Amino acid sequence: MFRTLAVAAVSAACLLASPVRADINAAFGNTVVSRYPDGGWVKHWFNPDGSYAAQFSDGRRLSARWSVRGERVCLSNIRPSVMIPRVCTAMIDADVGETWQSRDPMGRRVQNVLVAGRD
């Protein structure tokens, strides 16, 4: 099973903006796309060096540092700065092409999909 992150929560923290013994390595080289009901989307990329990047459908970009804390992945050093200094979310198992539902920190529903490669 391909292990990746339920990172929809990250997108809400990005606007202001998902893992037990997680193999974060499986997320490297792939893209998590979070889609909102209004048509907006966020693309999430995790890198082996601990860096994270996101791109929003409106052109905004975000960067951060990621770390695994127990069964969660956390983002910190979010740039541009947001009101929340650290965002953590549970990790999930997903294969490339699978979709899953989640909610962002503001409670909005998000549909996520793991896309092979860097979309």
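This is a predicted model: local features need pLDDT of at least 70, side-chain atom pairs count only at pLDDT 80 or more; totals for chains, interfaces and linings use all residues.

Biologist: What order do the elements come in?

Modeller: β-α-β-β-β-β-β-β-β-β from the N terminus. That is 1 helix and 9 strands. Both are DSSP runs: helices are H or I, at least four residues; strands are E, at least two.

Biologist: How many disulfides?

Modeller: 1. C74 and C88 form it, with sulfur atoms 2.0 Å apart; the cut-off is within 2.5 Å. C74 sits in strand β6 (residues 72–79) and C88 in strand β7 (residues 86–93), 14 residues apart.

Biologist: Why is it called right-handed?

Modeller: Because the torsion about the S-S bond of C74 and C88 is about 110°.

Biologist: And C74, buried or exposed?

Modeller: Buried, at 2% relative accessible area. C88 is partly exposed at 25%. Buried means under 20%, exposed over 50%, partly exposed in between, with a 1.4 Å probe and protein chains only.

Biologist: Now the core. Which residues have the most contacts inside it?

Modeller: F46, Y52, A54, L62, W66, L75 and I78, in a largest nonpolar core of 18 residues. Such a core joins buried Ala, Val, Leu, Ile, Met, Phe, Trp, Tyr and Cys through side-chain atoms within 4.5 Å. β3 (41–46), β4 (51–56), β5 (61–69), β6 and β7 each supply at least two of its residues.

Biologist: How much of the chain is buried?

Modeller: 45% of the 119 residues.

Notes: Residues are numbered from 1 along each chain as its sequence is written. Side-chain values use heavy atoms; hydrogens and water are left out.
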